[in-house]
There are 2 protein chains.
Amino acid sequence: MFESAELGHSISRNEWKKELPPLREALLDAQLELIQSRKFQVVIVVAGIDCAGKGETVNILNEWLDPRHVETHALRELTDEERERPEMWRYWRALPPRGKIGIFIGTWYSPPLLENVYAKTKNAELDQQLERIVHFEKMLCDEGALVLKFWLHLSKDQQKKRLKKLENNPLTRWRVTGTDWEHYKLYDKFRQVSERMLRTTSTPQSPWTIVEGTDPHYRYLTIGKAVLNALRGRLDSTAPSSAPEPVPPIMPAVDDLLILRTLNLDKKLYKKRYESELEKWQGKLNLLTRDPDFRKLSVVITFEGNDAAGKGGSIRRITQALDARQYRVIPVAAPTDEEKVQPYLWRFWRYLPRKGKFSIFDRSWYGRVLVERVENFCSRNDWLRAYGEINDFEEQMVRNRTVITKFWLSISKEEQLKRFNEREKTGFKRFKITDEDWRNREKWDEYEVAACDMIDHTSTEIAPWNLVEANDKYHARIKVLKTICQNIEKVLKK
Amino acid sequence: MFESAELGHSISRNEWKKELPPLREALLDAQLELIQSRKFQVVIVVAGIDCAGKGETVNILNEWLDPRHVETHALRELTDEERERPEMWRYWRALPPRGKIGIFIGTWYSPPLLENVYAKTKNAELDQQLERIVHFEKMLCDEGALVLKFWLHLSKDQQKKRLKKLENNPLTRWRVTGTDWEHYKLYDKFRQVSERMLRTTSTPQSPWTIVEGTDPHYRYLTIGKAVLNALRGRLDSTAPSSAPEPVPPIMPAVDDLLILRTLNLDKKLYKKRYESELEKWQGKLNLLTRDPDFRKLSVVITFEGNDAAGKGGSIRRITQALDARQYRVIPVAAPTDEEKVQPYLWRFWRYLPRKGKFSIFDRSWYGRVLVERVENFCSRNDWLRAYGEINDFEEQMVRNRTVITKFWLSISKEEQLKRFNEREKTGFKRFKITDEDWRNREKWDEYEVAACDMIDHTSTEIAPWNLVEANDKYHARIKVLKTICQNIEKVLKK
């Protein structure tokens, strides 16, 4: 697949002089339109063989574009804040918002490539890593990002020549290290693994462009034009970002085969028993967080459920057992404007905990397949693909030794009515019932179907849903605490 | 000053039982009002002597409040991302937004206290550190935050008893370390330094409350009530957060004594000379960033100036000389909603660079004393105090080995008109002149006075303003590059 990038492409000084000024004008114009319309963000990946001119190319792109709206990221040593999160966290935090351009050098492709060349991973493992990259980039594209990937190539001869040339020039000698020559000796292996990598990760939405790296002017023009064309294409496209689809109404289930209907919501715990169990499980939880190995893992807990099902009360029974320095509770509300210009999951990635810490989400990334689905806040396609994206997200947490526990707190329609009425009667403002609560209640059946679909699609082996019968608060709280303890214990013992 | 906190305050089991329920109710109600009104944020500092119950007290506060809107921070080891920024960066990033409560344990008081007790700092140095803390807290209060500070005290005897008791209980033995006993031996020194510290940092806006730590119930109730009273006081206050003041109009200066009028704006550089100078200073800048010691410092550059003075062009001449991975350009626009609920400088603190990196601000924190002052976007008091806050901010950067270079790009009124007209004629959309540009131009004299006042008040020895005659773009760009190079070189040589 690299053959056509070894034909000795180059352009003459005259061509360069002729083509450059209009290209730069057009690029700046397109960028300005991007900045003003904020239609999408651009993610440019520049990867490739050593010494093929990645750094210079990125510098040229920055020179051509308005640098106030471009940010460049290179793979560098992980900071300790990054090291304690799932591996993609560092990229999520660096994603450009809509209207901006993010240039990534090497990045998520470098580790899988190097590990495989140095035989630290088998091919099956490499394929898994690449599969994850494909998922990540697909998500970016589905969320509206323009993803452009350039692979700079050099033939074996050309790479040798480049290394020698750099070494012979006193000004550039510092750039050639032992690693470069070591990689050169492994050229054939690098080529073979790169080929596999590029083949697997070249998708219709984000294909690779392989660029011959020998002649810098050729390289710059080729990439500059490709960026321009892609930008213009997206800016000029009048097609709505997602085709309007007829939204089928959510049909209430005709029978009682819905999983949520199989729960015995009236499971009960009497006060005395509750009090002793509470002490037991809170004590247990506290003890678990003092385990020396606890510092090697993170805990994520999410709460979903019917309105008034007791999420807040359950959360308090957890935090009571913890040291306040160890946890953070994230009440999920409407996204801020910084969150709105990012892919959907961005606003949850930013709250992933460090090692030894809890992040407790009061409502979560499941909003997309619950409220956003039922209320038509997103397109059918958006929530349909969210199932897979969420499973990917949770899988990444688990691989990073995050104990993730998801709760669905379930109450009956009658119990909800009782609680709504009680709340309206009490004087405490904090329990005020809003019109929205009553409106949501009217859609009870639709929410039920959405919740059951969600459980079907996202109850995975590594992150199963825990359905909590919550008509009785005592029973619910103890089940929550017990489940968390068991999950942490399981991982600690591993 | 600790005498009254050694009187053996305690409360009976009955009082506790009687007072607790209404206090908790009232606290939750007040917190809900805070969450809904988003009137201000609350910063609670819990500090004090070892083993006086800081952790337990904070846990209790979290239990009493709604933990979804409280975040607790403790002094822990710095992460490498924090270590590369000014020391207060870690606290700025942890500040609660309006509507939330941030609880800080120990925090900015611990390092100065410990350093002085262990004789690493002289008293004069301690006083300087405390002075900075006073400034920081004053800024928080002026920005509307409610700052509450509690110091938990134990007498020497009580501390010894507490340590022994913890040691004798197998469940708490782990909490007593060698450091605790070491600190106990230094009790008198700790007491003396704490007293100095508390005296210096107890201000009318954010006074210390000293609480006897012996009886936990007394401690909890005292602090709980103090938090409630302060919250209620601020929530119920009908006084506008800053008293309305008559705003005196900005008077144009009657003579030519304004500093900006003393510039010879027509300084010129011819194209040929410009080209060779550009090569020289860009090369120099690039070389400086390759100095091995460069990795030990950070660079902050800010651009202010008349509209159309050439800020964007100057920035590009800087970035051209740098590797794209080294810099970030921050175009300062309207604050996002996450920025609006924080103190004014928060949105600049978040972009401070790591070591070896540049942050280039296209417009900056000086907006407050320029556009916000002239357009009455903030109160007179707000921009008046901004001078001092900005000087503090820059001083903190410099102490962290940040090379800060501030540019004012100055063009004449005629030159601006010429550039506006030219821009209106060109076809490039990116140079479009807006109505706002013309409106600002009408206020030329007022902006000039504001700029001169700004230069007067914030041209400090460590971070002086660089006034750049910019009628000739070539001259301006070279002066900018040269100034940056000289400033970096100066610090590298230190």
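Helix axes here are lines fitted to C-alpha atoms over the stretch in contact, and angles run from 0 to 180 degrees between N-to-C directions. Welcome to a predicted model, in which local features need pLDDT of at least 70, side-chain atom pairs count only at pLDDT 80 or more, and totals for chains, interfaces and linings use all residues. Residues are numbered from 1 along each chain as its sequence is written, while chains are lettered from A and ligands numbered from 1 in the order in which they are written. Helices (H or I, at least four residues) and strands (E, at least two) are DSSP runs, numbered from the N terminus.

**How the two chains are related**

- Two copies of a chain are related by a rotation about an axis and a shift along it.

**Where chain A meets chain B**

- The contact draws 35 residues from chain A and 34 residues from chain B; two residues are in contact if their C-beta atoms, placed from the backbone, lie within 7 Å.
- Among the elements of chain A that each supply at least two residues to this side are helix H1 (13–37), helix H2 (54–64), strand E2 (70–74) and helix H12 (311–319).
- H2(A) provides the largest share, 5 residues.
- This side of chain A has 12 nonpolar, 8 polar and 15 charged residues, where Ala, Val, Leu, Ile, Met, Phe, Trp, Tyr, Cys and Pro count as nonpolar, Asp, Glu, Lys and Arg as charged, and the others, Gly among them, as polar.

**The two domains of chain A**

- Chain A is split into domain 1 (3–236) and domain 2 (259–493), with bounds that come from an automatic or database domain assignment.
- The centres of the two domains, taken over C-alpha atoms, are 40 Å apart.
- Each domain of chain A gives 18 residues to the contact between them.
- On the domain 1 side, helix H4 (89–92) and helix H6 (123–142) each supply at least two residues, and H6(A) gives the most, with 4 residues.
- That side of domain 1 has 8 nonpolar, 2 polar and 8 charged residues.

**Helix pair H11 and H20 in chain A**

- Helix H11 (residues 271–289) and helix H20 (residues 473–493) of chain A have axes that come within 9 Å and cross at roughly 25 degrees.
- H11(A) is therefore roughly parallel to H20(A); angles under 35 degrees count as roughly parallel, over 145 as roughly antiparallel, 65 to 115 as roughly perpendicular and the rest as oblique.
- The crossing of H11(A) and H20(A) is left-handed, a term used if the near helix is turned anticlockwise from the far one by less than a right angle, with right-handed used if clockwise.
- Residues making the contact include A:Tyr274, A:Leu278 and A:Trp281 of H11(A), and A:Ile478, A:Leu481 and A:Cys485 of H20(A).
- By class, this contact has 12 nonpolar, 1 polar and 5 charged residues.

**Helix pairs in chain B**

- Helix H5 (residues 110–117) and helix H9 (residues 187–201) of chain B pack at about 135 degrees, with their axes 10 Å apart.
- H5(B) and H9(B) are therefore oblique to each other, and their crossing is right-handed.
- Their contact includes B:Pro112 and B:Leu113 of H5(B), together with B:Phe190 and B:Met197 of H9(B).
- Helix H1 (residues 13–37) and helix H10 (residues 216–236) of chain B pack at about 35 degrees, with their axes 10 Å apart, in a left-handed crossing.
- The contact of H1(B) with H10(B) has 11 nonpolar, 2 polar and 4 charged residues.
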